[in-house]
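Hi everyone, thanks for coming.

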Amino acid sequence: MRVKQLMILTCLCVIITGLVACGQRDQVRPMMVGHDAVADQTNADQAKQVIASMEEVVNVKGVSLEDKIYVAPQVRHRSRFNLEGIRKEGFERIKKRHPDATVYFSTDKKIYMELEKLEQQLQKRTISKGRLKKRLGELEELMKG
């Protein structure tokens, strides 16, 4: 009888520990480029903060130029079945915050990696405004098709 009670207690402890661990979520802290870059990135930084607050998002990258904002989140593995819903919600959140901007939102990993490279180049100031505009035009085409 005592062994049975000990076994039940152990199982309950394991289940409770598992549930508590699954419920914890690390705070997503996207890279903030700011206004010191070649092109002002405050709109992109604000959009990244909005998207980082979404439960499904692990990390987020984004760049802005003039009135356009490009954002790509990295989504939790278990949330990948709902990519369409995540895209719709993310787009709407950014559009609500920046109604006059043209928003490009993608959950594609290639777009995420390209925006990550652009963020780093902007932060290090190793890209010109003209080159940035050209690269973002290329990304627009990838995001549309």
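Let's start where two helices touch. Lys 110, Ile 111, Glu 114, Leu 115, Lys 117, Leu 118, Gln 121 and Leu 122 in α4 meet Leu 132, Arg 135, Leu 136, Leu 139, Leu 142 and Met 143 in α5. Sorted by class, that contact has nine nonpolar, one polar and four charged residues. Do keep in mind that this is a predicted model.

How are the two helices arranged? Helix α4 covers residues 109-124 and helix α5 residues 129-144, and they pack at an angle of about 170° with their axes 11 Å apart. That angle is over 145°, so α4 and α5 are roughly antiparallel. The crossing of α4 past α5 is left-handed.

Now the charges. Side chains of opposite charge can pair when their charged atoms come close. The count here comes to eight salt bridges.

One of them joins Lys 117 to Glu 114, with the closest N and O atoms 3.6 Å apart. Both sit in helix α4, three residues apart, about one helical turn. Lys 117 is partly exposed at 44% relative accessible area, while Glu 114, at 18%, counts as buried.

Which residues are linked in a network of salt bridges? Asp 45, Lys 48, Lys 61 and Glu 119 are. Within it, Asp 45 pairs with Lys 48 at 3.3 Å between the closest N and O atoms, and both lie in helix α2. Asp 45 is buried at 7%, and Lys 48 at 0%. Glu 119 and Lys 61 meet at 3.8 Å, N to O. Glu 119 is in helix α4 and Lys 61 in strand β1, so this pair ties together parts 58 residues apart in sequence. Both of these residues are buried, too.

Note on methods: Residues are numbered from 1 along each chain as its sequence is written. This is a predicted model: local features need pLDDT of at least 70, side-chain atom pairs count only at pLDDT 80 or more; totals for chains, interfaces and linings use all residues. Side-chain values use heavy atoms; hydrogens and water are left out. Axes are lines fitted to C-alpha atoms, for helices over the stretch in contact, and angles run from 0 to 180 degrees between N-to-C directions. Helices (H or I, at least four residues) and strands (E, at least two) are DSSP runs, numbered from the N terminus. Angles under 35 degrees count as roughly parallel, over 145 as roughly antiparallel, 65 to 115 as roughly perpendicular and the rest as oblique. A crossing is left-handed if the near helix is turned anticlockwise from the far one by less than a right angle, and right-handed if clockwise. Contact means heavy atoms within 4.5 Å. Ala, Val, Leu, Ile, Met, Phe, Trp, Tyr, Cys and Pro count as nonpolar, Asp, Glu, Lys and Arg as charged, and the others, Gly among them, as polar. A salt bridge is a side-chain nitrogen of Lys or Arg within 4 Å of a carboxyl oxygen of Asp or Glu. Buried means under 20% relative accessible area, exposed over 50%, partly exposed in between (1.4 Å probe, protein chains only).
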